[in-house]
Every structure is written in C-alpha cells, then in structure tokens.
Amino acid sequence: MKTCLIVPVFNHENAIANVIEKLKVFELPCFLVNDGSSIACSQVLADCADKESSWLTLITRQENGGKGAAVIDGFTAAIRQGFNYAIQIDADGQHDTNVIPEFLAASKQHPNAIILGQPIFDASVPKNRLYGRQVTNIWIAINTLSFAIADGMCGFRLYPLAAVNRLISNTSIGQRMDFDIDIVVRLYWQGVNVVNLPTAVRYPIDGVSHFRLWRDNLMISLTHARLFFGMLIRIPQLLLRHWR
C-alpha cells in the first residue's frame, strides 16, 4: 500500500499547524491544498511546507474553488505520483488523527473499499448541523438503496485511488460542500464497497466553519435530487448488489 494524506485548506491558519504536527508522526506523504486562502493563511501554509518539505507538498489554487475542487486537485497529484490510497482529513482539527492506523488497517483488510469515518460527536456539534446530517444520510440510503454508508458527510475517509481515478476521469463531481456526498454515492454506484469506521469528531478548534446554512443546504438538496434521478436508472444494478 502506497498511501498519502490530502488536506484541503481554506483560511484555517489558526488550526493547520497543529493538524500538521499531529499528522507528522504517521510518516505519510501529505498534499496540502491551499484553496485560494487569505494572505495570512497562505503564509502559514508556505512556512509549514518549508519546514516539513521532506513529507509535505503544498498545492496552491489561485482562487477558491471549494472543498471538492481542492480534494480533486490532491487526488490528481497523488495519482500522478503513484499513490494507491489517499486519506482525506479536514484542516480545522475536528478529526481524531489517532484513528489513522485504524484506517490503514481497515484498508489493508479491504483493499478495494472506501473507508468512511462514522462520526461520534461530542457536545460541540451544532444541533442544526446534526439534524441536517441525519436527513442527508436518509437521502444517501435512498440513493444507494442501501444502508451501507453510515455517514456520507464526514470529511475523514480513505479512498482507493484506482476507483477514484475511474470516476473523476469521466464524471463531474460536486466541487463544494456537496463533494463528500456526491463522490461517496457515485463510488458506491461504481461498485466500490464501504467500510464504516467510528471516529470521534468535534467542531472546529479554531471556531471557523465555511458551511453556509442556506446556500450549502440548497446545494446539497440539489445534489440529492440529481443523485435520486441517477439512482432510478440504476435500480436493477443496485438491487443486484444485495444478492451477491
């Protein structure tokens, strides 16, 4: 297994250095994707890349394109450099990096599967986000005709890059907050199996969230609608998976 880390960053200058320090102990190459961040954040990222140049590669996007666009740039770089797997993790410090060995072990046991973080929230989770997440997971179950995906919004996951490469080579994936939902449903449609891994999640240590309630919920709703119509033409294929 040749595994890397992908960390999309947009204006998390107060948290990212701590996240990088925690990731360093796992000795995995990391693609840090600056998604058009502020001057202050860009300087922090440049300093981190300078200091940790032996394992950290900085990719800079001139304009903010969204979380999905940043992660896809990370995928592209990882695939070009011959990586087989990529762990996506957020830049705000909400994910428990100590679970990374469990992701690697699960991927070794299930080499063709996507390993999804299944959040265990503490009291810091905003209630509106929690309830919205539950609605999203119901729609994901509908659009996959399956309960295989325990949580489709967690940004802590391990991807098999061969499957990702097949998908992004011929399919347009959501570029912003709809990305995590869109790609996991489409990978499932593609035949990729899912392993859910419980992991502690807390809301961000730097107090910065780029989730915009009305805009992003509308975008996510439109993504569910598109996926629903895509599911309809795949009903026989999806039902067949239950009998294999």
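1. A cavity is, on a 1 Å grid over the protein atoms alone, a set of points where a 1.4 Å probe fits but cannot get out, and its lining residues have an atom within 4 Å of a point. In this predicted model, the lining of the largest cavity consists of Asn18, Val19, Lys22, Ile89, Asp90, Gly93, Gln94, His95 and Thr97. By class, that lining holds 2 nonpolar, 5 polar and 2 charged residues (Ala, Val, Leu, Ile, Met, Phe, Trp, Tyr, Cys and Pro count as nonpolar, Asp, Glu, Lys and Arg as charged, and the others, Gly among them, as polar).

2. The volume of the largest cavity is about 50 Å³, a volume being the space filled by probe spheres set on the points, with grid points joined across faces, edges and corners.

3. On the basis of the values: the model is predicted, local features need pLDDT of at least 70, side-chain atom pairs count only at pLDDT 80 or more, and totals for chains, interfaces and linings use all residues. Residues are numbered from 1 along each chain as its sequence is written, and side-chain values use heavy atoms, with hydrogens and water left out.

4. Helix α3 (residues 67-80) packs with helix α6 (residues 161-170) at an angle of about 120 degrees, their axes lying 11 Å apart. Helices are DSSP runs of H or I with at least four residues, numbered from the N terminus; axes are lines fitted to C-alpha atoms over the stretch in contact, and angles run from 0 to 180 degrees between N-to-C directions. The two helices α3 and α6 are therefore oblique to each other (angles under 35 degrees count as roughly parallel, over 145 as roughly antiparallel, 65 to 115 as roughly perpendicular and the rest as oblique).

5. In the α3 and α6 pair, Ile72, Phe75, Ala78 and Ile79 of α3 meet Leu161, Val164, Asn165 and Ile168 of α6, contact meaning heavy atoms within 4.5 Å. The residues of this contact comprise 7 nonpolar, 1 polar and no charged.

6. Between α6 and helix α7 (residues 179-189), the axes come within 10 Å and cross at roughly 105 degrees; α6 and α7 are therefore roughly perpendicular to each other. Here Ala163, Val164 and Leu167 in α6 meet Ile183, Arg186 and Leu187 in α7.

Terms used
1 Å grid on protein atoms, 1.4 Å probe; cavity = no way out; pocket = protein on both sides within 12 Å on 5 of 7 lines; lining within 4 Å.
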